[in-house]
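Open your viewer, get ready to select residues by number, and follow along stop by stop.

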Amino acid sequence: MRPQLSDAMWRGIFVACAVGLSVGASLTSLYAFVSRRPDRLVGGDLSSASEFLAFSLASTCLAMVLVGLCCWSVVRGRQTAKSAAWILAAYVSIAAWVYLSDITDAAYSDLSVPGAHPSIALAQLSWVVLACSAIALLAASVVPESKPVRGAGRISFIAASVVIAAVVPVGVGGAAAVVAHTATSAAPVPIPEEPASVGTQVAYRIESVRGMQVIPAGPGFVTYDGETVTAHDGATGAARWSTSADLADECAPSRVQSTGTSTTSVVLVGCAVDVDDPESNSYIMGVDAMTGERLWTNAENWTVRARSVTDSVAVAVSRVAADDIEIGSLDTRTGTVRWSRSAPNCFDPAGMATVDRSVVVAESCARREAVAVHVFDATSGNERRLRLPAPPAIAGAERVSAEIFAVSGASAAIRLQPDDDYGEQLSFLLDTEADTPEPLYGDATDPGYRELREGRYPGEVTQLRNMSYPDFVELLTMPGGDVRRIPGVRMLARDDLYADQIWAQVGDQSMTAAAYDGDYELVTVDRGGIVDRRVSPCGEEVEGGVTVVPGSVVLVCYPGRNDEPTRDGVEVIGLR
């Protein structure tokens, strides 16, 4: 027959486990509640997560007390098997509920942003630990009765409980399922100089099996394939760092932009739950272009209104808040909004853009002899108002659409067009530093919905006509506003080519890889209007987008006629 002390020892072990596990579960739930706010998050509604975690903390503390009372009864030699069985059933049910409930899904959604701690997973695991505590309690309750444990025995059980309680949060934390935002980083490197002319040497080729955007940033450029943002060295094409564009649960990545190619540049990644609904939730993440470090995540539902590349340290933003539309200026290094206010009358996002040190908003109103343009200081929000005169054919329209179709430096090109007469239009070049709007002659390019939504409208060089002509193109050079007619150049740019990469300015040369004369050509035009043609590195059947980055001129080659449908991705070619 086993000694009576053996039964007492087993009972003590089970009691120590029950108490230690319940205390450890409560400590884990406390940590989950305290650490619920994601790192470097600006704004954000965490109410669902906070309520769930507060409930979990309160209920785990109550559960700990119940386990403790039952364990005290066990130590005193009382019958507790029926109570322990009910406690086990209750804890298992609650553990199942915290994993399957819609409330848990809502809490997970709140904390699905970058920088989030595994708070919801920790709260769920705390109930698994409590269920294990209840199993230990039931085991202690069914051990054959023995004399009450006294003196040194109680001290030993208390010490064992303390050890278990201390170990549980560490073990549970290590096993928690973390919401993964995979990212790699890189050390800062010198920024290569931008080419002064279009070279003939192919420095690198990057193949992508998926469609991909190319945005100048930091010491090179970033690519975006719909899921991942990857930074590349502009001189070699080598990958430097990468980060996921998945910012939040059910939030579709919608745009990638940058603040230029300096040492302080920031890559902006935006997403929206519904890109066609301005009232849906949206997020912006700022990533250091040099290192890949995530600087901040803004969850205040702002949308950036800027070109894909802007040199401004603050960018224009807008959002729909309740029944009001707000505009503001967002600091790209901190993710905070420097100022905000209600949008001017007749606000249309197509009429809002970021220029150097300013936010420009052009009104789209009805029956106005002049179109109001608001220029806000990007830092302070101080406002200046200008007026663009409208001819009678435009002024009497039901609604005059004011669209910003190109931005470079401190200048913005604005097109006025009646919504009921697409044949009439008038364009102005606005210098926000001199407050001087000058008329532009020639038909302005028509920025598409995609370009306006993603900020992919032109910069230094803009093709004023977006249709093919048999014998010439007209180019607007900014910020000066010079308009040139280039004879002998035909264009054939399809919809997959972004407007900001149809032409690029390389030193004194304007360049395109979408010129077509039976085959696609790489065409450069110097200041004197002399045209140079060469075989495009993209191939005779393939149009290309062009952009200048530190260290090279980049061509983005889209699938040609002979590639379809066998090739869906793009090829990135660096010229030096």
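A residue counts as buried when its relative accessible area is under 20%, as exposed when that area is over 50%, and as partly exposed in between (1.4 Å probe, protein chains only). This is a predicted model, in which local features need pLDDT of at least 70 and side-chain atom pairs count only at pLDDT 80 or more, while totals for chains, interfaces and linings use all residues. Residues are numbered from 1 along each chain as its sequence is written, and side-chain values use heavy atoms, with hydrogens and water left out.

**What to look for**

How many disulfides does the structure hold? There are three, where a disulfide is a pair of cysteine sulfur atoms within 2.5 Å. If you number the bonded cysteines in sequence order, they pair as 1-2, 3-4, 5-6. Strands at the coming stops are DSSP runs (E, at least two residues; helices are H or I, at least four), numbered from the N terminus.

**Stop one: C251 and C271**

Select C251 and C271, which are joined by a disulfide with an S to S distance of 2.1 Å. The pair links distant parts of the chain, 20 residues apart: C251 is in the loop between β7 (239-244) and β8 (252-258), and C271 is in strand β9 (residues 266-272). Look along the S-S bond: with 100° about it, this link is right-handed. Both C251 and C271 are buried.

**Stop two: C346 and C365**

Next, select C346 and C365, a disulfide whose sulfur atoms are 2.0 Å apart. C346 sits in the loop between β15 (337-342) and β16 (352-355), and C365 in the loop between β17 (358-362) and β18 (370-377), so the bond ties together parts that are 19 residues apart in sequence. With 110° about the S-S bond, this link is right-handed. Are its two ends buried or exposed? C346 is partly exposed, at 31% relative accessible area, whereas C365 is buried, at 5%.

**Stop three: C538 and C557**

Now select C538 and C557, whose sulfur atoms are 2.0 Å apart in a disulfide. C538 is found in the loop between β30 (531-535) and β31 (544-549), and C557 in strand β32 (residues 552-557), so parts 19 residues apart in sequence are tied together. The torsion about the S-S bond is about -70°, so this disulfide is left-handed. C538 is buried at 10% relative accessible area, and C557 is buried at 1%.

**Last stop: C71**

C71 is buried, with 2% relative accessibility.
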